[in-house]
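Student: I would like to go through this chain by question and answer. Please show it first.

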Amino acid sequence: MTGCLGVGASAAKNIAAALNKPLVGVHHMQAHALTALLTSPPADLPSFPFLTLLVSGGHTLLLLATSLTSFRILATTPDESIGRVFDKVSRMLTLPWSSLGPGAALEEFCLPVADEPTHGPDTDELVPPLPIAMPGTLAFSFSGLHSSVERFMTSHGGSEALDVGTKRALARAFQRAAVGQLEDKVALALKWCARKGFDNASPDLPMSLVFPPPSLCTDNAVMIGWASMHRFLAGDFDEYSIATRPKWSIEELSS
């Protein structure tokens, strides 16, 4: 990642300098967080402050956005991101995957299948519910869930010994626990916002959920251009000597 970032930044700086064009640096996660402001219809356009949940192979972040450049991290993970654990569990189950990656293969594997029996040896009842980490705590953790899947597989003879029905039941149990943890932490964050006096976080008000189309949820040039546009229009440019920052907390943007 560091090498790719350096190559891209070097190319951008050289092109900008050669053409005498302004250069604007962008925080990767800020770009993700602001994409919904571009893709949402006017009636659903988020207004500050709002909560944003960013999940990927490298990050699991629950943020409070108070402006275009001001973000507070309400929850993150000290161990593994949800996307990385999805990939690992998919590989543990030896699921075939395409260019979309192992995590997407696991999600597809969890979908209902034709003529799936409601009772029998290949139902979800084969696998007990997996635990949601740290319930009631505003923090993520997915390493324990990963370990729970690993222990189940080891106790049942490994991937080769599991039939398709058991693998599907295990994949679904994992997905329910992983997504359930996201739901639990978002609910806790909303309660935190209500206690802090944010009017639009009141439990008496309807909540709206907005998200970009899937094509703009992965890394893309559109989100970078959108995030940089606000600084560009304000004439807030960077020097051509700007350095890349492989590790940069989004909370430092406004400092």
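Student: At what angle do the axes of H4 and H6 cross?
Tutor: This is a predicted model, where local features need pLDDT of at least 70, side-chain atom pairs count only at pLDDT 80 or more, and totals for chains, interfaces and linings use all residues. Residues are numbered from 1 along each chain as its sequence is written, and side-chain values use heavy atoms, leaving out hydrogens and water. Axes are lines fitted to C-alpha atoms, for helices over the stretch in contact, with angles from 0 to 180 degrees between N-to-C directions. The axes of H4 and H6 come within 9 Å and cross at roughly 110°.

Student: Are H4 and H6 roughly parallel or roughly perpendicular?
Tutor: Angles under 35 degrees count as roughly parallel, over 145 as roughly antiparallel, 65 to 115 as roughly perpendicular and the rest as oblique. The crossing is at roughly 110°. H4 and H6 are therefore roughly perpendicular.

Student: How many charged residues does the contact of H4 with H6 have?
Tutor: Contact means heavy atoms within 4.5 Å. H4 brings Leu-106, Glu-107 and Phe-109, while H6 brings Val-164, Lys-167, Arg-168, Ala-171, Phe-174 and Gln-175. Asp, Glu, Lys and Arg count as charged; Ala, Val, Leu, Ile, Met, Phe, Trp, Tyr, Cys and Pro as nonpolar; the others, Gly among them, as polar. By class there are 5 nonpolar, 1 polar and, as charged residues, 3.

Student: How is H5 oriented to H6, roughly parallel or roughly antiparallel?
Tutor: The axes of H5 and H6 come within 10 Å and cross at roughly 165°. That angle makes H5, relative to H6, roughly antiparallel.

Student: Which residues of H6 make the contact with H5?
Tutor: By class, this contact has 8 nonpolar, 1 polar and no charged residues. H5 supplies Leu-145, Val-149, Phe-152 and Met-153. From H6 come Thr-166, Leu-170, Phe-174, Ala-177 and Ala-178.

Student: What does Phe-174 touch?
Tutor: Residues up to four places away in sequence are not counted. Phe-174 is among the core residues with the most contacts. Its partners are Val-85, Phe-86, Val-89, Leu-106, Leu-130, Leu-145 and Val-149.

Student: Is Ser-148 buried or exposed?
Tutor: Ser-148 is found in helix H5 and touches Leu-130 and Pro-131, not counting residues up to four places away in sequence. Its relative accessibility is 11%, so Ser-148 counts as buried.

Student: How far apart in space are Trp-248 and His-27?
Tutor: Trp-248 lies in the segment after helix H7 and is 221 residues from His-27 in sequence. C-alpha to C-alpha, the two are apart by 7.9 Å.

Methods: Helices (H or I, at least four residues) and strands (E, at least two) are DSSP runs, numbered from the N terminus. A nonpolar core is a set of buried Ala, Val, Leu, Ile, Met, Phe, Trp, Tyr and Cys residues joined through side-chain atoms within 4.5 Å. Buried means under 20% relative accessible area, exposed over 50%, partly exposed in between (1.4 Å probe, protein chains only).
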